[in-house]
Amino acid sequence: MNKDKLVLLSLTILTVVAVGFVLKVAKPVILPLVIAWLMTFIFGPAINFMTQRKIPLPVAITVIMLLLSGVVFLSVFFLHGRVVAIAAEFPRYEEKFIRIGTEIAGALPLAYNPLTDFDWGKSARSTLVTLSGSFFSIVSYLVMVMIFLAFLLSGKPYVQQKMDRALSKKTADQMKIISSSISSQISRYLWAMVLISFLTGCLIWLVLTIIGIDFAITWGALAFFFNFIPVIGSVAASIPPILLALVQFYPSIWPGLITLIAITVVQMTMGNFITPKILGDRLHLSPVVILLSLLFWGWLWGIVGALLAVPIASAIKITCENINELHPIGVMMGSGRRFWKESQSIK
């Protein structure tokens with residue numbers, strides 16, 4: 001028995017390594033497919049709604065693709081416009097960057113200070129050029145996502161009928177219940193995350209506009225995207241506007257402090273009050289699972305993998321919870337707050 005367990009463990013490790021290698025090598029194809037798969041849980045209910053009302057499936061898919069194309073076009077146009085706007089305004093900030101770097105270098109008691117030789121302008125211009133050049137790859141990825149999404153949505157309405165034909169009535173009914181529960185829970189989770197991220201981005205944009213920080217809408221959009229990465233994303237999205245406030249209003253540090261406090265209040269309010277009300281304790285992941293998921297998917301697919309890490313982990317958790325054999329894994333992946341509260345209420 002021990003030998004069998006050792007063999008099983010070895011095979012499991014080898015399988016995980018092999019799958020990780022395939023996912024890493026096939027990133028250009030698999031990453032758009034994973035994004036499209038997650039998006040089916042967002043747009044799948046709309047496809048089912050339209051087909052149930054006798055709207056032909058090709059027409060329903062075309063409507064979804066047109067709406068999504070409009071959103072993608074506006075998003076890419078917006079992001080490109082933000083980069084161009086920052087590039088146009090950068091010369092005004094470059095002088096302050098140089099002055100701040102010189103003053104910091106003079107204040108530090110070092111024989112040699114690397115800040116004196118650091119070219120702020122060249123570094124920032126290089127970053128902006130890189131961002132501008134990356135728009136082509138972003139658009140190509142989005143086109144692949146939409147192609148995959150169209151194919152995945154085309155088979156969405158026929159899943160239950162195929163179950164009826166392929167399985168016995170009892171097994172088919174059980175599979176329908178499980179798949180419907182998994183689909184509805186993942187769909188609710190993804191829509192909730194989109195709503196929470198949108199509210200966070202709008203609030204960040206509002207408070208930065210009130211304070212008078214330049215490019216407030218850009219930092220709101222950044223907060224929207226990075227809000228899908230727990231804790232780390234909020235911190236990463238908060239750093240640029242705070243640094244900009246310090247540079248923009250230099251030599252006064254008060255706008256930077258006010259920006260820090262305002263962003264912290266927004267993030268704390270959303271994280272501790274709004275998010276639990278919308279998602280509830282049931283969909284919370286264990287901090288260890290979040291950390292491991294961020295490390296794995298971030299290493300595998302970079303920043304996009306980090307953005308997808310929690311939605312993928314949540315989808316796996318919801319799937320495990322709805323399958324009896326995998327239910328213990330789903331429970332262990334959860335935060336456990338709900339069970340702790342239940343045990344406290346019993347006491």
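## Ser 238 and its surroundings

Contact here means heavy atoms within 4.5 Å. By that criterion Ser 238 touches Ile 263 and Gln 267, not counting residues up to four places away in sequence. This is a predicted model, in which local features need pLDDT of at least 70 and side-chain atom pairs count only at pLDDT 80 or more, while totals for chains, interfaces and linings use all residues. Residues are numbered from 1 along each chain as its sequence is written, and side-chain values use heavy atoms, with hydrogens and water left out.

Ser 238 sits in helix α9 (residues 232–248); helices are DSSP runs of H or I with at least four residues, numbered from the N terminus. Its relative accessibility is 11%, so Ser 238 counts as buried (buried is under 20% relative accessible area, exposed over 50%, partly exposed in between, with a 1.4 Å probe and protein chains only). The side chain of Ser 238 also reaches the backbone oxygen of Ser 234, at 2.6 Å.

## How α2 meets α11

Now to a helix pair. Helix α2 (residues 27–52) packs against helix α11 (residues 287–321) at an angle of about 35°, and their axes are 11 Å apart. Axes are lines fitted to C-alpha atoms, for helices over the stretch in contact, and angles run from 0 to 180 degrees between N-to-C directions.

On the α2 side, the contact includes Lys 27, Ile 30, Leu 31 and Trp 37; on the α11 side, Leu 300, Trp 301, Pro 311 and Ala 315 are among the residues involved. The residues of this contact divide into 13 nonpolar, no polar and 1 charged (Ala, Val, Leu, Ile, Met, Phe, Trp, Tyr, Cys and Pro count as nonpolar, Asp, Glu, Lys and Arg as charged, and the others, Gly among them, as polar).

The structure holds 1 salt bridge, defined as a side-chain nitrogen of Lys or Arg within 4 Å of a carboxyl oxygen of Asp or Glu. Asp 173 pairs with Lys 169, and the closest N and O atoms are 3.2 Å apart. Both partners lie in helix α7 (residues 169–211), 4 residues apart, about one turn of the helix. Asp 173 is partly exposed because its relative accessibility is 32%, whereas Lys 169, at 66%, is exposed.

## Two positive phi values

Most residues other than glycine have a negative phi. Lys 54, which is not a glycine, has a positive phi of about 70°, and Phe 215 has a positive phi near 60°.

Lys 54 is in the loop between α2 and α3 (57–107), and Phe 215 is in the loop between α7 and α8 (216–226). Lys 54 is exposed at 76% relative accessibility, whereas Phe 215 is buried with a relative accessible area of 15%.

How values were computed:
Helix = DSSP H or I, 4+ residues; strand = E, 2+ residues; numbered from the N terminus. Polar contact = N/O pair within 3.5 Å; in protein donor to acceptor, adjacent residues only side chain to side chain.
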